[in-house]
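Student: I am new to this structure. Please walk me through its charges and rings.

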Amino acid sequence: MRRRRAEKRQVQPDPKYKSQLVSTFISMIMLEGKKTLAERIVYGAFDLLKKKTSEEDVVKVFSKAIDNVRPKLQVKARRVGGSTYQIPMEVTPLKGNSIALRWIRNFALAKKGKPIQVKLADELYAAFKGEGPAVKKRDETHKMAEANQAFAHLRW
């Protein structure tokens, strides 16, 4: 390695719920530096989520949804001797959070015909209940990793 590793920056917690995970999600929703708009979208989705679940602490619901979507394993492509293998690898919790948030955002954006707050709230509620496309994607990823367990010895 030629250079030193970049240090991880400390994420500032969001102003309303004082949660770093929510702050990361807001940053992920944000487009073109419009943070106040991203905050309005996420907090609006949280208000809708609170009505749906009748749960007092919406951050607990959010973190449970993320836990349900977070992958434990993923596959990485490695070239060994001219052929490419899908090698299963464990995912660190931080990377897993990032993947889960990305999947939820992308599936919410892919839906059509509703405001973004409603789509995000629907996606988070489905993930909270352990269903929906993001959870299905996690299961698919785990199945792929299990199927390619034979190539685990090629990990380095």
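Tutor: A definition comes first. Patches are made of residues with over 30% relative accessible area and no salt bridge; like charges are joined within 9 Å, and nonpolar side chains (Val, Leu, Ile, Met, Phe, Trp, Tyr) within 5 Å. Lys and Arg count as positive, Asp and Glu as negative, while His and the chain ends are not counted. A charge is placed at NZ of Lys, CZ of Arg, CG of Asp or CD of Glu. Accessible areas come from the Shrake-Rupley method with a 1.4 Å probe, and for residues only the protein chains shown count as cover. The model is predicted: local features need pLDDT of at least 70, side-chain atom pairs count only at pLDDT 80 or more, and totals for chains, interfaces and linings use all residues. Residues are numbered from 1 along each chain as its sequence is written, and side-chain values use heavy atoms, with hydrogens and water left out.

Student: Which residues gather in a patch of positive charge on the surface?

Tutor: Lys and Arg count as positive. The patch on the surface is formed by R5, K8, K76, K95 and R102.

Student: Is R5 buried or exposed?

Tutor: Buried means under 20% relative accessible area, exposed over 50%, and partly exposed in between (1.4 Å probe, protein chains only). R5 has 68% relative accessibility, so R5 counts as exposed.

Student: How many salt bridges does a search of the whole structure find?

Tutor: A salt bridge needs a side-chain nitrogen of Lys or Arg within 4 Å of a carboxyl oxygen of Asp or Glu. One of them joins D67 and R70, at 2.8 Å from N to O. The search finds seven.

Student: How many residues apart in sequence are the parts that K111 and E123 tie together?

Tutor: Their side chains meet in a salt bridge, 3.4 Å from N to O. K111 lies in the loop between α4 (93-110) and α5 (116-129), and E123 in helix α5, so the parts tied together are twelve residues apart. Helices (H or I, at least four residues) and strands (E, at least two) are DSSP runs, numbered from the N terminus. E123 is buried at 2%, and the separation is twelve residues.

Student: Why is the pair of F46 and F62 tilted?

Tutor: Rings of Phe, Tyr and Trp (its six-membered ring) pair if their centres lie within 6.5 Å; planes under 30 degrees apart are stacked, over 60 edge-to-face, the rest tilted. The centres of F46 and F62 are 5.1 Å apart, and the pair is tilted because the planes stand at 55°.

Student: Which residues do ring pairs link into a cluster?

Tutor: The whole structure has four aromatic pairs. One joins F25 and F62, with 5.3 Å between centres. The cluster is Y17, F25, Y43, F46 and F62.
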